Amino acid sequence: MTDHTRRRLIAWMAVAAFGGTAATAAAASTQAFSIAIVGGRVQGDETLKVRKGDQVRVSMTSDQPMMLHLHGYEIEVKVEPPAPALLAFKADLAGRFPVHVHTHGAGNHRAVLFIEVHP
């Protein structure tokens, strides 16, 4: 192999490695949302859409205390008014995942929000 060929091969490998890293970094990002729950209902859009690989941060407030559970990721967050609670995770599973309110008594397992993770 000549020096010229070797340099071209090294340059090509460097570009290929950098390009793959850049593409991965561009595909994954941080997605931040603010959600207000009033009277047991989300104010605004009830579906959050992210891409697989994204870091997801959902800041939530509620007018009443509640425990929220993100199914599929098995994450629970306690919301105590007036302070916001943070639901944070890496979106590594594709699909549509409900966020349920867990309370005692009747109607104790209902979805208030959905998170869609697209491939």
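Two strands are taken to pair if DSSP finds at least two bridges between them, and strands themselves are DSSP runs (E, at least two residues) numbered from the N terminus. The model examined here is predicted, with local features requiring pLDDT of at least 70, side-chain atom pairs counting only at pLDDT 80 or more, and totals for chains, interfaces and linings using all residues. Residues are numbered from 1 along each chain as its sequence is written, and side-chain values use heavy atoms, with hydrogens and water left out.

On these terms, 4 strands make up an open sheet of mixed pairing, in the order β2-β1-β4-β7. Its edges are formed by β2 (41–42) and β7, each of which pairs on one side only. Strands of a sheet pair through backbone hydrogen bonds, either parallel or antiparallel. Strand β1 (residues 30–38) runs antiparallel to β2, with 2 bridges between them; here I37 has V42 in β2 as its bridge partner.

A further antiparallel pairing joins β5 and β6 over 5 bridges.

The structure holds 2 aromatic pairs, where rings of Phe, Tyr and Trp (its six-membered ring) pair if their centres lie within 6.5 Å, and planes under 30 degrees apart count as stacked, over 60 as edge-to-face and the rest as tilted. Y73 and F89 form a tilted pair, at 4.6 Å centre to centre and 50 degrees between the planes. This pair links distant parts of the chain, since Y73 lies in the loop between β5 (66–70) and β6 (75–79), while F89 belongs to strand β7 (residues 85–90), 16 residues apart.

F97 is buried, like Y73. Together, Y73, F89 and F97 form one aromatic cluster.

Finally, the charged end of R96 sits over the ring of F114, 4.1 Å from its centre; this term requires NZ of Lys or CZ of Arg within 6 Å of the ring centre and within 35 degrees of the ring normal.

Methods: Buried < 20%, exposed > 50% of the residue type's maximum accessible area, 1.4 Å probe, protein only.
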